[in-house]
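Here are a few notes to read alongside the model.

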Amino acid sequence: MKFKIPPKIMLFLVIWLTLILLSSFVLFFTFKGFTLQFWAAIGEMAVRGLTNFGLLFIIFSNAINYFNKQLPWKDRLLARLAANFVIIIAATFLATFANIVLGPPSIVKTVEPFLQFAFIVSFFQCLAVFLLIEGWESFQRNQELERSISRLEKEKLTTELTALRQQVNPHFLFNSLNVLSELIHEDLEKADEFIQHFSRIYRYVLDINQEAVVTVQQEVDFLQSYLFLHKIRFGNDLSMQIELDAEALRQFIPPLSLQLLFENAVKHNIISSTQPLTITLKNEDGNLVMTNNIQHRNMPVESTGKGLQNILEKYRLLTDRLPCFQQRNDEYVASLPLIKLEGL
């Protein structure tokens with residue numbers, strides 16, 4: 001298992017090393033090069049910095065964590081500001097006392113009076129360290145909040161997609177049973193063949209419906225099987241032309257979208273030897289376009305009304321490009337945006 005330095009410790013080390021580097025720059029010119037006095041002063045500054053900043057980090061980290069729980073900025077702004085001021089002043093006195101115990105650094109031995117100098121330096125040190133830790137804590141909280149929001153959005157998306165997927169199964173079953181009901185009254189042999197093929201196709205529906213998106217190739221393969229199922233009933237009175245290039249077949253769409261469009265066309269139009277139904281599927285400008293000739297049935301067809309709405313809602317959750325359903329002259333046209341996944 002790899003050892004990982006906690007972010008707050010890393011922040012402390014960065015501040016400490018920065019202090020040493022800045023001190024090195026000043027001391028280099030003060031002692032005119034890398035003299036013994038230079039290295040002695042660097043060592044002294046390193047020890048003082050480690051002691052002072054270590055002490056301040058412990059005090060301020062615990063204080064800020066406590067304030068975040070008891071005096072949140074949003075609810076108790078004035079009390080939080082007052083508490084911050086008090087802890088900075090208290091830490092300043094403590095740091096001043098520590099500097100007095102350690103004695104004045106060799107580089108500032110000539111500073112008089114040392115007590116005032118130590119207090120001023122300690123105050124600005126405390127203020128800087130406190131603001132750094134407060135800023136770091138705020139950054140960490142914001143990062144955690146963004147991660148939480150992202151996690152909730154993903155969970156919400158998953159929940160909504162699951163709900164939409166659960167709508168498709170009964171929708172598919174409802175319409176297929178309607179077809180079977182008609183076949184039973186027309187041709188028992190065809191009804192039996194329909195049931196055999198339907199069981200295999202419904203297995204695919206159960207499996208693929210767990211995915212958020214599937215390839216167009218998968219959808220087309222399923223659609224051709226579904227077409228075969230309907231040709232048991234309609235024969236050559238129902239036909240479909242598929243004209244898709246290789247690039248379009250590699251793109252993605254929500255599962256069972258083509259089946260819902262196909263089902264919609266079959267359900268709402270007359271299909272007979274005198275009025276055959278022709279469905280075409282092709283890709284245009286980054287979309288799958290399915291069209292069929294319009295020949296409305298005389299009697300209204302019972303419908304749940306959820307097919308097209310289901311497709312629309314899935315696209316709203318997956319992309320900002322939405323499907324378009326419209327009647328154009330004597331044709332019904334449904335356009336589904338192709339979804340291109342990054343890295344594929």
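**Notes on a cavity and a helix pair**

1. A search of the whole structure turns up one cavity of 30 Å³ or more. A cavity here is a set of points on a 1 Å grid over the protein atoms alone where a 1.4 Å probe fits but cannot get out. The largest cavity holds about 40 Å³ of space, volume being the space filled by probe spheres set on the points.

2. This is a predicted model, in which local features need pLDDT of at least 70 and side-chain atom pairs pLDDT 80 or more, while totals for chains, interfaces and linings use all residues. Residues are numbered from 1 along each chain as its sequence is written, and side-chain values use heavy atoms, without hydrogens and water.

3. Which residues line the largest cavity? They are Leu 261, Asn 264, Ala 265, Met 290, Asn 292, Tyr 332 and Ala 334, lining meaning an atom within 4 Å of a point. Helix 8 gives the largest share, three residues; strand 5 (287-293) and strand 7 (331-337) each supply at least two. Helices (H or I, at least four residues) and strands (E, at least two) are DSSP runs, numbered from the N terminus.

4. Now follow helix 8 (residues 257-268) to helix 9 (residues 307-318): their axes, lines fitted to C-alpha atoms over the stretch in contact, come within 9 Å and cross at roughly 155°. The two helices are therefore roughly antiparallel (over 145 degrees).

5. Helix 8 brings Ser 257, Leu 260, Leu 261 and Asn 264 to this contact (heavy atoms within 4.5 Å), and helix 9 brings Gly 307, Leu 308, Asn 310 and Ile 311.

Conventions. Axes fitted to C-alpha atoms, helices over the stretch in contact; angles between N-to-C directions. Parallel < 35°, antiparallel > 145°, perpendicular 65-115°, else oblique. 1 Å grid on protein atoms, 1.4 Å probe; cavity = no way out; pocket = protein on both sides within 12 Å on 5 of 7 lines; lining within 4 Å.
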